[in-house]
Amino acid sequence: MGKILMKGNEAIGEAAIRAGCLNYFAYPITPQSEVAEYLSHRMPEVGGLFLQGESEVAVGYMIFGAAGCGERVFTTSSSPGVSLMSEAISYIAAAQCPAVFVNIMRGGPGLGGILPSQADYFQATKGGGHGDYRMLVMAPASVQEAAEMVMMAFPLAEKYRNPVMILGDGLIGQMMEPVEFPEHLKSEPTNKDEWATNGMDTRKSSRRNLVKSLFLDPVKLNENNLILKEKYERMKREEIRYEAYNIDSDYNILIVSYGTMSRVCKTAIDNLKEEGIEVGMIRPQTLFPFPENAVYEAASKKNCAMALSIEMSMGQMVEDVERCVHGKCPVKWYGKCGGEVPTPEEIMDVVRSNLS
Amino acid sequence: MGKTFKRPEALSEMDSHYCPGCTHGVAHRLVAEVIDELGIRGRTVGIAPVGCAVLAYNYFTFDFQEAAHGRAPAMATGIKRVRPDLVVFTYQGDGDLASIGMGEIIHAANRGEKFTTVFINNAVYGMTGGQMAPTTMPGQRTTTSPFGRDVKDVGMPIKVAELLSALQTPAYITRQSVIKPKYIVKAKKAIKTAFEYQLEGRCFSFVELVSTCPTNWGFTPVEAVKWAEETLLSYYTLGEIKTPEQAEGGSDAK
């Protein structure tokens, strides 16, 4: 079909449809309300379902109900709304249902601001909700990548019977870029008859299915947790995605950065190259599972004197970078919050001052 | 002659954990009988609450989901919207529906979601050990209102059926009771009517069932029925509070 110039939020909505997901429940919140506005007229066009719920709390459970009966479903929200959905996400993970969540991050904590941030890294990758669970988290750095990650999210959610999150930011949601929706990323839903409450008649079975997360017997609850843990271990083996930038050069500093922040860093790296300064970068595309080996190898290179985690937060991913670098070199953080986006010149200054 | 009274197919063989004198067992049975009579077991999905009935799914023999506290109407919305051919019902207690879940039930009812809610009103929080509920009566002692519910401090008990019937969207809203056979007969009819409205795809249907909780009221089962009849039924009046015909007729009449 060719590339279309689309606003990120709208591309995310369209991507779900192109992936074969025809069910969307959501609540308006800046900076992602355009997804709901777009899908409110687009879903009926394709015979899909659009429903605006009364709160993010309710929407989280609409997602759970629909996912539990075996239908592809997704929602989008932003930081404070994702906090409200976090309980439902914990339940969905525990009950082993597939569902896709998109967080278009804004400044926090609290009501915060409506401009972009990357301050929900902990929430997305370390839990957010209660209990031992993880989400598979992907972080796009462009509207095209957001569309592709949304399309990939559905089969991944079904492969693992787990929630998958696309972690974008206000820039991804609001900017307009050319996008196309690759045909090869469209997928068929997998058979859910083994576990979904899609009706015994539908399954032509006399066995009923139960979607639940309560295991009062501690032995059974531990077993459920072991099942979940094994999924996350498998994700670590099979789903790590990242981009390495200028990593073959003889860099002294390694930047680790994701999402739109990584694009600013790329510009800084290109500019510094012209000045004769080499900087390498690892851009995680999955935040969970984190590209631990890639970061470790890159930080272990002969002349690498420092790893710099650059984030639009007060330093969240830096803790994972520290952990992966394993003391091979010092790890520092640089970032800004509140919706301020560091410029390439700032990044260049940070690099230069760390080199001296 | 054969068996004339047997366990409904929709009810499992498991012994329940409910207390002596609890009416959950009766309510479960009525729902199961209605499901059998309507022949819908193969396409019904129940949603269990958090409360004494958190294990309700153990007592039914069809697909079930377990909701977080209060969220069953949202889950029911999710299921019914994506699979309108499934018969969906929530089964909720006072804390679940009238406290934490008040937002969800009002909005589901207001949107006219085509599922059925069975609301067990026993004026107390059962599972967690007898705390005050939004439906607790004035002066009623509970573990968090040890001096009796003080309406000047925490307001009057909520009449959920009337609250929901104030919404403009047509619905079937009824309050019945399961504390004595004469009420149980009417309760079953109401539950069946509620499910029939759903099968028609007509409207949201809601059956409030005034129930007993002898354990947390500090009564014997017999005393509990007496107290429920005297105190609960005089406040929570029984009857059909709203039908979709009324609501639809009413707007025409304007």
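## A short tour of chains A and B

Let's begin at the end of a helix: H4(B) is followed by Gly112(B), whose phi is positive, near 70°. Helices (H or I, at least four residues) and strands (E, at least two) are DSSP runs, numbered from the N terminus. This is a predicted model, in which local features need pLDDT of at least 70, side-chain atom pairs count only at pLDDT 80 or more, and totals for chains, interfaces and linings use all residues. Residues are numbered from 1 along each chain as its sequence is written, while chains are lettered from A and ligands numbered from 1 in the order in which they are written.

**Helix H4 of chain B**
- Helix H4 covers residues 102-111 of chain B, and Glu104(B), Ile105(B), Ala108(B) and Ala109(B) are buried there (20 or more other C-beta atoms within 10 Å of a residue's own, with C-beta atoms placed from the backbone; 12 or fewer is exposed, in between is partly exposed).
- Down the axis of H4(B), the buried residues fall within an arc of 120°, so they line one face of the helix (the arc is that of the directions from the helix axis to the C-beta atoms).

**Chain B as a whole**
- You can find 10 helices and seven strands in chain B.
- Of the 254 residues in chain B, 54% are buried.
- The C-alpha atoms of chain B fill a box of roughly 55 × 50 × 35 Å along the principal axes.

**Thr286 of chain A**
- Thr286(A) sits in strand E13 (residues 286-288) of chain A.
- Thr286(A) is buried, with 22 other C-beta atoms within 10 Å.
- Between the C-alpha atoms of Thr286(A) and Met149(A), 137 residues apart along the chain, the separation is 9.9 Å.
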